[in-house]
Amino acid sequence: MDKNRIEKAVKDILIAVGEDPSRPDLKKTPKRVAEMYEEILGGTKANPEKELEVVFEKDHDEIILLKGIPLYSICEHHLLPFIGRAHVAYIPKENRVTGLSKLARVVDIFSKRLQVQERLTTDIAELIMRKLKPKGVLVVIEAEHLCMSMRGVNKPGIMTVTSAVRGVFRKNEKTRSETLALIKG
């Protein structure tokens, strides 16, 4: 990440909006913003596939659900955050199970990129299907987009819900309904 270039761009933005970047309260803002972008967009170069390489052989073929994984991402359309929770479920096949923290890390890496919620949801599901080869995956993300809350329609509190449904969760309504009930409960 080119932090010097980000600092220059932030300084230009401050000038463009009529501020004085040499003002004491703004003097360190370009550097702070560059450091912030390095942190919140740290998933840009990270490879989430590496998180799912550790697979344990466990005798389990029922739903595994991580409910309410906090996520923070940046909308690529307005460079404003969207904040919410991801729910990730899968049903192992042939006892292929990964560590629970690995799933949360996958959500984190994909979230720390310029994103749209629809792609974020799909990317998480597709990676789990490809790497773990489970019977099925269900990913639901609920998030508030600040580009809708503080600008545009100015409607804070609206939650956008997206889902990606693969394998048995798509084919079997009972399994899908059970998982959605666990998420809501």
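This is a predicted model: local features need pLDDT of at least 70, side-chain atom pairs count only at pLDDT 80 or more; totals for chains, interfaces and linings use all residues.

User: Why does T29 count as buried?

Analyst: Residues are numbered from 1 along each chain as its sequence is written, and side-chain values use heavy atoms, with hydrogens and water left out. Now to T29: buried means under 20% relative accessible area, exposed means over 50%, and partly exposed lies in between (1.4 Å probe, protein chains only). T29 has 16% relative accessibility, so T29 counts as buried.

User: What makes H145 buried or exposed?

Analyst: The value for H145 is 11% relative accessibility, and therefore H145 counts as buried. Over the whole chain, 40% of the 185 residues are counted as buried.

User: How do you know where the helices and strands are, and how many does the chain have?

Analyst: Both come from DSSP runs, numbered from the N terminus: a helix is a run of H or I with at least four residues, a strand a run of E with at least two. The chain comes to seven helices and seven strands. Starting at the N terminus, the order is α-α-β-β-β-β-α-β-α-β-α-β-α-α. T29 belongs to helix α2, and H145 to strand β6.

User: Why are α1 and α2 called oblique?

Analyst: Axes are lines fitted to C-alpha atoms, for helices over the stretch in contact, and angles run from 0 to 180 degrees between N-to-C directions. Angles under 35 degrees count as roughly parallel, over 145 as roughly antiparallel, 65 to 115 as roughly perpendicular, and the rest as oblique. Helix α1 (residues 3-16) and helix α2 (residues 29-40) pack at about 130 degrees, with axes 8 Å apart. That angle falls in the remaining class, so α1 and α2 are oblique to each other. Their crossing is right-handed; a crossing gets that name if the near helix is turned clockwise from the far one by less than a right angle, and left-handed if anticlockwise.

User: What kinds of residue make up the contact of α1 with α2?

Analyst: From α1 come K3, I6, E7, V10, K11 and L14, which meet T29, P30, K31, V33, A34, E35, Y37 and E38 in α2. They divide into seven nonpolar, one polar and six charged. Here Ala, Val, Leu, Ile, Met, Phe, Trp, Tyr, Cys and Pro count as nonpolar, Asp, Glu, Lys and Arg as charged, and the others, Gly among them, as polar.

User: What about α3 and α4: what makes their packing oblique?

Analyst: α3 and helix α4 (residues 117-132) pack at about 140 degrees, with their axes 10 Å apart. That makes α3 oblique to α4, and the crossing of the pair is right-handed. L103, V106, V107, F110 and S111 in α3 meet L120, D123, I124, L127 and I128 in α4. The residues of this contact are eight nonpolar, one polar and one charged.

User: How do you know that β2 pairs with β5 and with β3?

Analyst: Two strands pair if DSSP finds at least two bridges between them. β2 (residues 64-75) and β5 have two bridges, in the parallel sense, with C75 partnered by Q115 in β5. β2 and β3 are joined by nine bridges and run antiparallel; L66 stands opposite V88 in β3. β2 and β3 form a hairpin with five residues between them, and L79 in the turn has a positive phi of about 55 degrees.

User: Why do β5 and β7 count as edges?

Analyst: The open sheet has five strands in the order β5-β2-β3-β6-β7, with mixed pairing. β5 (114-115) and β7 (160-167) each have a single partner strand, so one side of each is left without a neighbour in the sheet. Helix α3 (residues 100-111) lies across β2, β3 (81-91) and β5, at about 20 degrees to β2. Helix α7 (residues 173-184) lies across β2, β3, β6 (136-145) and β7, at about 40 degrees to β6.

Notes
Contact means heavy atoms within 4.5 Å.
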